Amino acid sequence: MQIFDTLSRDFKELKTVNGKRLNVFVCGPTVYDKPHLGHARTYIFFDIFIRYLRYKGLRPFYLMNITDIDDKIINRANSENVPYNEISRRYSTEFFKIMKALRNESVNYYAFATDFINEIISQIERLMEKGYAYETSDGVYYSVEKFQDYGKLSHQDITQLKAGARVETNENKKNPLDFALWKKRKPNEPYWNSPWGEGRPGWHIEDTAITERFFGYHYDLHGGGIDLVFPHHEAEIAQMEAISGKPPLVDYWVHTGHLSVENVKMSKSLGNFITVEEILKSYWPESVRLMFIGMNYRDTSNFIMDGLNGSQTIAEKLTWIYRRVADTEAQEKENYDAFMKEIKEPLEKNMNTPDSLVAINDFIKWASNELNKTEGKNGEIKAILDDLDSIFGIVRKAPIPEAIVNTILEIRKSARAKGDYATSDKIRSDLSKLGIKIEDRGNESFAWW
Ligand SMILES: [Zn+2]
């Protein structure tokens, strides 16, 4: 399988160094606000990528950090006049809720930065010992000039970077590009004890402290949004490779592209962030996933509401077909082989999901037609839908088994026939709480979810 690596700027064959095991780290959120569509894009992509690797028989260990201490969290806590950890608890809970709602189920472990303070301090101490870090009156900084390869991930020349850097107010830094490893305590800020006094960690050091603890000096793949390449990921390389003296930190750097909304870049100042919560009020998670499947993950892409409406139509078709074959035994025969080949092949070429989507749409056409003709292909249709759901998470299942839904509908039908509308209304409202909507058309009732 080929994957595009940001460091070498080239497609590389995905190889593992530990047999089936693949150690993967993806930058998680800074938990100070609700997740928006940009987060959804990145985390849905990596979820599908990891699902596909598992489907292929690999055993990725998918690790994600949660930045639960940061200026943004402290600012929000101050503006609400609450402790910082009330903010981080609220928005990490919200993040997990949204990940679950989006069906991003593949993360093995979420590592909270503040649980790794000892590891962070240990890394800073080693950087000090090796001469890569220095202490000032307000913190400990990484000296980028000491690290020869600084700029290699973002393909920038450090002297040009230095010239372009805006004049810093921090007089203590040797070079404006130097970044904080430890920030000394200011009044009313949360703090931990360290050899440099009370303070808190910088942002970049948390990731390498966490990955060293789980994976050691080197691991397979690091992912995140493209906006994290510089300085965040550049700093990670500088930290870990300086400590280990054994490059590379990782074999593959994988980055997702920017997302605009209705042709405008999403930004706080423009206030055009669309939260995932808002979208999920009107659309299925499967539709949101299908919309991103239709985009190449590395492209700068544009979110338009019409696109999401189109994805909702595809998701509904898949569900409709699934409901017709849900109780059938899956059969992996020639049509299964042919369609799955068309769907999987593009994924082998740097996760080219838009081409897989073309094949999925071909399958929908074929399956809809076969369902009308005969029952003969139902087992194969079921097998394809099962695989599509394992890889992409796009087939919406009933929250309870289909057979039970049908039995409940029968009971409700006989209640209605006897004029027992109290029972029939109660069934409708109880099912609605499970996410199953009942629609009455004359004497017939249909269930939707
Ligand atoms: Zn990170």
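Reply: Contacts between residues 24 or more positions apart make up 74% of the contacts in the protein with a separation of 6 or more. Keep in mind that this is a predicted model. Of its 449 residues, 40% are buried. The C-alpha atoms fill a box of roughly 80 × 50 × 40 Å along the principal axes, and the protein has 15 helices and 16 strands.

Now for the core. The largest nonpolar core holds 105 residues, and Ile124, Tyr142 and Leu181 have the most contacts inside it. Helix α1 gives the most to this core, eleven residues. Domain 1 (2-260) and domain 2 (304-392) both contribute residues, so the core lies between them.

Let's zoom in on Tyr142. Leaving aside residues up to four places away in sequence, Tyr142 touches Leu127, Tyr132, Ala133, Asp178, Phe179, Leu181, Ala235, Ala238 and Gln239. Tyr142 belongs to strand β7 (residues 139-142), which pairs with β8 in the antiparallel sense over four bridges. Within that pairing, valine 140 stands opposite tryptophan 182 in β8.

What about strand β8 itself, is it enclosed or open? Five of the six residues of β8 (residues 179-184) are buried, so this strand is largely enclosed by the rest of the structure. Strand β8 also has a partner in β9 (residues 199-201): three bridges join the two, and they run antiparallel. There, lysine 184 has glycine 199 in β9 as its bridge partner. As a bit of background, strands of a sheet pair through backbone hydrogen bonds, either parallel or antiparallel.

For the parallel kind, look at another sheet. Five strands make an open sheet with parallel pairing, in the order β5-β4-β3-β10-β11. At its edges sit β5 (109-112) and β11 (250-256), each pairing on one side only. On average, neighbouring strands here are turned by 25 degrees against each other, direction ignored. Helix α6 (residues 203-215) packs on this sheet, where it touches β3 (21-26), β4 (59-66), β5 and β10. The direction of α6 makes about 145 degrees with that of β4. At one end of the strand order, β10 (residues 219-225) and β11 pair in the parallel sense over six bridges, with leucine 221 opposite tyrosine 252 in β11.

Finally, back to where the domains meet. The domain assignment gives domain 1 (2-260), domain 2 (304-392) and domain 3 (402-448). The centres of domain 1 and domain 2, taken over C-alpha atoms, are 37 Å apart. Nine residues of domain 1 are in contact with nine residues of domain 2. On the domain 1 side, the elements that give two or more residues are β1 (2-5) and α1 (37-55).

Definitions and conventions
Residues are numbered from 1 along each chain as its sequence is written. This is a predicted model: local features need pLDDT of at least 70, side-chain atom pairs count only at pLDDT 80 or more; totals for chains, interfaces and linings use all residues. Two strands pair if DSSP finds at least two bridges between them. Axes are lines fitted to C-alpha atoms, for helices over the stretch in contact, and angles run from 0 to 180 degrees between N-to-C directions. Two residues are in contact if their C-beta atoms, placed from the backbone, lie within 7 Å. Domain bounds come from an automatic or database domain assignment. A nonpolar core is a set of buried Ala, Val, Leu, Ile, Met, Phe, Trp, Tyr and Cys residues joined through C-beta atoms within 7 Å. A residue is buried if 20 or more other C-beta atoms lie within 10 Å of its own, exposed if 12 or fewer, and partly exposed in between; C-beta atoms are placed from the backbone.
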